[in-house]
Amino acid sequence: MAKSNSFFHRLLRLLVVVGVLPLFIIGVLMYGFSRELFLEQYSRQAQARVGGIAENLDRLAEEYGNIIGTLADDPGIREAIAGGFEERRADIEQRIHLLLAGRTIKPSVYVLDRRGRLSFGTDALPAVYNPVRQAGWGIFRAAHEDGPQPKVYAHRHESAGGRDATLSLIRTIEDEQSDIIGYVIADLYRDDLERLLLQEDMPFQTSYLVLDRYGFTVLNTAHPDLEGTLDRAGYLRKMAANEEQVLTDRDAGGEHVLFFAESAGTGLSVIGRTPYEVVHQSTKHIQVLFASAAVISLLASLVLAYSMAKRMSTPIIELVKGMKRVSRGDFSARVTPGGTDEIGLLANGFNQMTERIEKLLISVGEEHRRFRIAESKALQAQINPHFIYNTLDLIKWSAKMNETAQVNTIVTQLGRLLRGVIHVGREKVPVREEMELVDSYMNIQKIRFSDRLFFHFRVDPEIMEATIPRFTIHPLVENAIVHGFENKNGKMFLVVSGYRQDGNLVFEIIDNGIGMTRETIERVFTEQNGESTGILNVHKRIQLYYGESYGIRISSEPGKGSVVTVVMPWQGAVPQQGAMPQQGAMPQQGGEPHAESRGH
């Protein structure tokens with residue numbers, strides 16, 4: 001193999017050819033730098049303007065907060081409000097007008113008692129200001145918070161003069177005992193606030209949005225129809241999530257540059273919105289210059305670099321694709337050798353490796369499948385004799401006692417059992433079919449134990465068509481009858497419940513039998529166990545199908561009963577073939593069977 005034809009030397013030649021990369025990087029940096037520099041300058045200027053608007057709002061709130069504070073502390077106004085002196089109206093309203101004289105923004109100011117029966121002001125009192133009807137909420141609730149100081153409250157209503165009031169200041173009037181006897185309210189109008197915002201000249205077409213701390217839209221110069229509604233675009237959330245005061249945002253109206261500022265005195269947030277396209281247009285001329293230089297410098301080099309990279313990278317890309325297929329479990333992946341160099345040797349080695357692994361996996365998979373089927377059949381065969389022996393014994397004794405009808409019932413139920421046991425073509429069955437076997441078995445045992453045995457099914461209809469291994473529930477029920485009730489006196493209760501929980505199927509077989517000690521439970525799960533093999537067999541089969549994280553748990557106490565819990569993964573549903581028979585076909589005696597069945 002020629003040294004000059006190695007992968008290393010080809011890669012080296014490629015790196016030499018693409019030595020123009022530094023030139024490209026410089027061009028990109030200069031291109032981006034020109035844009036970022038312009039955006040930084042514009043952002044700094046726009047942020048200063050928005051901050052100025054917030055400061056203007058602070059000054060406005062402070063100015064008119066002092067006015068309503070002066071009115072609230074005026075002894076003459078307090079006396080008139082407390083005494084209900086209507087004859088002082090002219091004097092009080094003259095004081096209000098004197099305080100507002102000479103100001104460019106003139107709000108409507110109202111003084112009213114806490115019952116709303118007496119009011120003074122520059123305009124007729126709006127109907128929305130009713131301290132009796134609005135007690136405990138709205139602007140009057142805000143007035144009562146944090147002591148007697150001016151509060152800013154955002155709302156929207158129409159004044160008597162037809163102007164839209166969108167922001168109000170309110171303060172309580174208190175007597176000498178600090179009891180609230182009235183309120184002073186100043187309404188600021190939308191057109192005044194808009195002029196306050198627009199006096200800050202921006203270099204581009206910028207719209208403004210003013211929100212209160214709850215997202216209520218106080219002012220929207222671009223969409224006045226949205227004023228008085230909650231913040232639909234989530235600007236407050238974006239402000240809280242963004243440490244910077246400038247960001248870009250996209251909404252139904254396109255992409256915008258947003259500038260945030262908060263008024264400390266009013267709690268209002270001021271947001272400036274400039275269309276991104278307008279800002280971007282200003283950077284185009286500078287960017288076009290740098291882009292043209294970069295394109296001309298790189299055009300010739302790119303053609304050569306592309307052809308060499310294409311020829312050199314093709315075998316590597318093919319090998320990577322093959323490795324990805326192998327990582328996904330497809331060991332049939334093969335690659336075409338790309339020559340006699342290192343890449344060609346690597347491709348040949350890859351093909352040999354995947355071929356050997358594929359053959360090995362086929363062999364192991366076939367062996368595992370045969371082992372699983374064989375063990376499943378063996379475990380299933382161990383279960384079959386258990387539920388046949390006791391039934392034949394019951395038929396024998398019923399026949400001796402000449403109970404023909406009872407024998408007929410037992411044989412019918414046994415037939416149903418044998419039909420389910422002998423028909424072993426499927427390894428898994430719906431829960432419904434398994435419960436049919438359990439129902440037949442319990443009906444036979446009901447005859448055997450007469451009026452001493454009570455059983456109850458509490459299986460969620462949702463899981464009836466889910467699939468489980470054959471003979472999962474039946475051996476556990478049979479085990480409860482044989483080992484839990486054989487030596488028990490008195491009434492016997494057994495409950496079978498099934499439900500879906502956290503992606504798993506869970507079954508509980510609960511009885512009030514003789515119970516088990518901890519040592520007995522440990523023996524149940526060992527190969528040396530001579531009794532209760534049904535539990536061990538079911539446990540092993542579940543783990544054989546689904547893994548060691550699933551299986552059976554037993555909780556028991558001697559003399560009180562047992563709870564056998566089966567956990568399997570949810571396995572979907574199969575087409576319905578009928579409904580599960582209910583235990584109602586067999587009369588139950590006594591009260592609620594499950595009420596006594598747990599025993600602990």
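The legends below describe close-up views of a predicted model. Residues are numbered from 1 along each chain as its sequence is written, and side-chain values use heavy atoms, with hydrogens and water left out. Local features need pLDDT of at least 70 and side-chain atom pairs count only at pLDDT 80 or more, whereas totals for chains, interfaces and linings use all residues.

**View A. The open sheet of 5 strands.** The strand order is β2-β1-β5-β4-β3, with antiparallel pairing. Strands (E, at least two residues) are DSSP runs, numbered from the N terminus, and two of them pair if DSSP finds at least two bridges between them. β2 (119-121) and β3 (151-158) are the edge strands; each has a single partner strand, so one side of each lacks a neighbour in the sheet.

**View B. Pairing of β1 with β5.** Strand β1 (residues 108-113) and strand β5 (residues 180-189) are joined over 6 bridges in the antiparallel sense. Y183 in β5 is the bridge partner of L112.

**View C. Packing of helix α11 with helix α12.** Helices are DSSP runs of H or I with at least four residues. The axes of α11 (residues 431-449) and α12 (residues 474-485) come within 9 Å and cross at roughly 20°. Axes are lines fitted to C-alpha atoms, for helices over the stretch in contact, with angles from 0 to 180 degrees between N-to-C directions. α11 is therefore roughly parallel to α12, a term for angles under 35 degrees. Contact (heavy atoms within 4.5 Å) involves residues including L437 and Y441 of α11 and V477 and I481 of α12.

Notes
Parallel < 35°, antiparallel > 145°, perpendicular 65-115°, else oblique.
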